Amino acid sequence: QWLAAHRAPFALVVPKDTFGEYKPRGPLNPSAPAALEMTREEAIQKILAELGDSDAVVSTTGMASREVYEARETRGQGHARDFLTVGCMGHASSIAMGVALGLPSGSTRQVVVLDGDGAVLMHMGVLGTVGQNRTRLPTFKHIVLNNGAHDSVGGQPTAAFDVNLS
């Protein structure tokens, strides 16, 4: 009623320790395998180790971008060829496609997207656009790191283990 009467922003402030600890009643994602072959961080480290010195990386918002940053720091590498997205979940593939389309004709520079399963599911429409432009994107690589969760925003399960993302 207050919102309707005042038509103004409203905030509900809850004191610390108002709510008890959340305890799941079962697995967060019943479709998840018992154990993944490697962690997202391990996968990112292996992928980065295989890239050339001029290859560009566009990583999805949240955990993946943080882990790309940390991996580069650990290796003593710079960040000039990385685009670490912040606040644009689901748009890494669009950004990377723009980077790849902007390369000079005949360029061998790879543009690699490190995307999360939740982000891909959020904006699947761009996959059709990437497919339409595939002949203009010979060095574009889209890698989906599927852990079955929206890790960056609370670990809620995704439907990605039940969907063929290949």
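Visitor: What makes Arg 7 count as exposed?
Guide: This is a predicted model, and the value is computed from it. Arg 7 has a relative accessibility of 77%. Exposed means over 50%, so Arg 7 counts as exposed.

Visitor: How do you know whether Leu 12 is buried or exposed?
Guide: Its relative accessible area is 71%. That is set against the limit of over 50% for exposed, so Leu 12 is exposed. Leu 12 lies in the loop between α1 (2-6) and α2 (40-50).

Visitor: Which residues form the nonpolar patch on the surface?
Guide: Trp 2, Leu 3, Phe 10, Leu 12, Val 14 and Phe 19 form it. Together they have about 700 Å² of accessible area.

Visitor: Why is the pair of Arg 40 and Glu 67 called a salt bridge?
Guide: Their closest N and O atoms are 2.8 Å apart. The rule asks for a side-chain nitrogen of Lys or Arg within 4 Å of a carboxyl oxygen of Asp or Glu. Arg 40 lies in helix α2 and Glu 67 in helix α3, so the pair ties together parts that are 27 residues apart in sequence.

Visitor: What makes Arg 40 and Glu 67 buried?
Guide: Buried means under 20% relative accessible area. Arg 40 has 19%, so Arg 40 is buried. Glu 67 has 9%, so Glu 67 is buried too.

Visitor: How do you know that Arg 40 and Asp 151 meet in a salt bridge?
Guide: The N to O distance between their side chains is 2.9 Å. The limit is 4 Å, so the pair passes as a salt bridge. Arg 40 is in helix α2, while Asp 151 is in the loop between β5 (149-150) and β6 (156-157), so this pair ties together parts 111 residues apart in sequence.

Visitor: Why does Asp 151 count as partly exposed?
Guide: Its relative accessibility is 35%. Buried would need under 20% and exposed over 50%. Asp 151 falls in between, so it counts as partly exposed.

Visitor: How many salt bridges does a search of the whole structure find?
Guide: The search finds 3 salt bridges. One of them joins Asp 82 and Arg 72, with the closest N and O atoms 2.9 Å apart. Asp 82 lies in strand β2 (residues 82-84) and Arg 72 in helix α3, so the pair ties together parts 10 residues apart in sequence. Asp 82 is at 12% relative accessible area, so it is buried. Arg 72 is at 0% and therefore counts as buried.

Visitor: Which residues are joined into one network?
Guide: Arg 40, Glu 67 and Asp 151 are joined, through salt bridges that share partners.

Visitor: What is the relation between α4 and α6?
Guide: The axes of helix α4 (residues 92-101) and helix α6 (residues 125-132) come within 9 Å and cross at roughly 20°. Angles under 35 degrees count as roughly parallel, so α4 and α6 are roughly parallel to each other. Their crossing is left-handed.

Visitor: What makes Pro 157 partly exposed?
Guide: Pro 157 has a relative accessible area of 37%. That lies between the limits of 20% and 50%, so Pro 157 is partly exposed. Pro 157 is in strand β6. The C-alpha atoms of Pro 157 and Asn 29 are separated by 5.1 Å, although the two are 128 residues apart along the chain.

Methods
Residues are numbered from 1 along each chain as its sequence is written. This is a predicted model: local features need pLDDT of at least 70, side-chain atom pairs count only at pLDDT 80 or more; totals for chains, interfaces and linings use all residues. Side-chain values use heavy atoms; hydrogens and water are left out. Patches are made of residues with over 30% relative accessible area and no salt bridge: like charges are joined within 9 Å, nonpolar side chains (Val, Leu, Ile, Met, Phe, Trp, Tyr) within 5 Å. Accessible areas come from the Shrake-Rupley method with a 1.4 Å probe; for residues, only the protein chains shown count as cover. Helices (H or I, at least four residues) and strands (E, at least two) are DSSP runs, numbered from the N terminus. Buried means under 20% relative accessible area, exposed over 50%, partly exposed in between (1.4 Å probe, protein chains only). Axes are lines fitted to C-alpha atoms, for helices over the stretch in contact, and angles run from 0 to 180 degrees between N-to-C directions. Angles under 35 degrees count as roughly parallel, over 145 as roughly antiparallel, 65 to 115 as roughly perpendicular and the rest as oblique. A crossing is left-handed if the near helix is turned anticlockwise from the far one by less than a right angle, and right-handed if clockwise.
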